[in-house]
Amino acid sequence: SLLTYDFRGPGFRNTIMAAVSVANHFKIKAEKIADAVEKFENLPMRMERKKLKSGQLVLLDCYNASPDSMINGLETLKIMACGKKTMAVLGDMLELGKFSEELHREVAKHLAKLKIDFVYTFGTESEVINEYLKTSTTVASHFTEEKLLQAELDKHFNKAEVILFKG
């Protein structure tokens, strides 16, 4: 039978495929697997989607951030935008130790390839992302004060149709 689900990004697809494989191994009926996948709901702040009255789609993925989850979130943003204007508001990836700068730079390299229209970084570690993006066509700004970031978002939020908050 055909398995349908509410797309939440490449990482979610891979998780579903792994879960289906395990369920098949334990001889769980296809209909029961399909029903469970179709009824699945994300936990709050984990690629949670909010449709605003303005028509904008907001992706909230702020539970935690690692290099892989950051890249997955950005890829999901790009895929779900389907060519519409995009914005990413990215916080620091914490607990990376001596690899923090290198891993933030890796995310920045991937981000530059995706050509997200607007990128706002917040914190101390994520400044590396903003610095890297200065050589790209992306409009990027970095903030260490929440009220300054909020003021910038107030000015530019309506310029994007799909927005990711990731941190």
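Which residue in β4 stands opposite M87? In this predicted model, the residue that stands opposite M87 is F118 of β4. The strand β4, residues 118–122, is joined to β3 by five bridges, and these two strands run parallel.

Both strands belong to an open sheet of six strands with mixed pairing, in which the order is β1-β2-β6-β3-β4-β5. At its edges stand β1 (48–51) and β5 (139–143), each of which pairs on one side only. On average, and with direction ignored, neighbouring strands of this sheet are turned by 15° against each other.

| Helix | Strands touched | Angle between directions |
|---|---|---|
| α3 | β1, β2 (57–61), β3 and β6 (162–166) | about 170° with β6 |
| α6 (residues 146–156) | β3, β4, β5 and β6 | about 165° with β4 |

The loop between α3 (67–81) and β3 (86–91) contains C82. Is C82 buried or exposed? C82 counts as exposed because its relative accessible area is 67%, and the cut-off for that term is over 50%. Although C82 and V162 are 80 residues apart along the chain, their C-alpha atoms are separated by 9.4 Å.

With a relative accessible area of 39%, I28 is partly exposed.

Methods: Residues numbered from 1 in each chain as written. Predicted model: local features only at pLDDT ≥ 70, side-chain atom pairs only at ≥ 80, totals over all residues. Heavy atoms only, no water. Buried < 20%, exposed > 50% of the residue type's maximum accessible area, 1.4 Å probe, protein only. Helix = DSSP H or I, 4+ residues; strand = E, 2+ residues; numbered from the N terminus. Pairing = 2+ DSSP bridges. Axes fitted to C-alpha atoms, helices over the stretch in contact; angles between N-to-C directions. Contact = heavy atoms within 4.5 Å.
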